[in-house]
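Have your selection tool ready, and we will go from one stop to the next.

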Amino acid sequence: MCERNILSKAYPSWICKECLKKILFIEKRDSQICFRCGSPLSNRCLCPNLNNNIKMLRGIFIYDGVGREIIHKWKYSNIYFIKDYFERLIIRRFPVNYPQFDVVIPIPIHFYKRITRGFNQSNTLAEFISKRFRIKYTPNLILRKRNSKSQSLCKNYKERERNIASAFKLNCNPDNFTNSKILIVDDIITSGSTVNEVAKLFPNSEIYIFTMAMAV
Ligand SMILES: [Zn+2]
Ligand SMILES: [Zn+2]
């Protein structure tokens, strides 16, 4: 991303038009992506890693290049206008084939990470989705038990899976969600192992996943 910001009324003003064009949006048209995991057909499919109750997963853009930079700027500098931009993307690009959900759940981050980072990006996204699409928002339904090392430090899926295994605990009775349609929200999805662990907590629910960026 270049340093050339174009300050005009045209939104967004913090990124120049040329850089904006470099964001790799994942096509909405289902013929170009895996119907279940939302990966572009030219890339690797996440389906073999996903628990049976995960019905669908969709991301808006590829976590690479400019897409990766804006996620980083948002995560580590909490620049509010990036949040505004992401909200606009959600309005325009939220999957049309997603059903009406009973509840939306953000992926929790550990207490210590929240202190050092100031906010939980998944909460911010889930809260917006809840308001926009009128879905019940339950941020404290899942607790993070261990401060597992960052998934980005793991080399491969097996290592990610081991690192995240049993990292989450349910703060309620899963029977309350039998036959429910649950939307799980995360900011970035790499291997799918984190959302997969959360999906396992709701064995009798239909799980749909939404993320801003996919590292596929
Ligand atoms: Zn630029
Ligand atoms: Zn797939």
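Select residues 80–93 for helix H3 and 121–133 for helix H5: they pack at about 45°, with axes 11 Å apart. Helices here are DSSP runs of H or I with at least four residues, strands are runs of E with at least two, and both are numbered from the N terminus. Axes are lines fitted to C-alpha atoms, for helices over the stretch in contact, and angles between N-to-C directions run from 0 to 180 degrees.

Now show side chains. On H3, pick Lys 83, Phe 86, Glu 87, Ile 90 and Ile 91; on H5, pick Thr 124, Leu 125, Phe 128, Ile 129 and Arg 132. These residues make the contact (C-beta atoms, placed from the backbone, within 7 Å).

A word on the model: it is predicted, local features need pLDDT of at least 70, side-chain atom pairs count only at pLDDT 80 or more, and totals for chains, interfaces and linings use all residues. Residues are numbered from 1 along each chain as its sequence is written, while chains are lettered from A and ligands numbered from 1 in the order written.

Next, the sheet. Four parallel strands form an open sheet in the order E1-E6-E5-E2 (strands pair if DSSP finds at least two bridges between them). Color E1 (54–62) and E2 (103–106): each is an edge strand with a single partner, so one side of each lacks a neighbour in the sheet. From one strand to the next, the twist averages 20°.

Finally, select E5 (181–189) and E6 (206–214), joined by eight bridges. Lys 181 has Glu 206 as its bridge partner in E6.

Key
Two residues are in contact if their C-beta atoms, placed from the backbone, lie within 7 Å.
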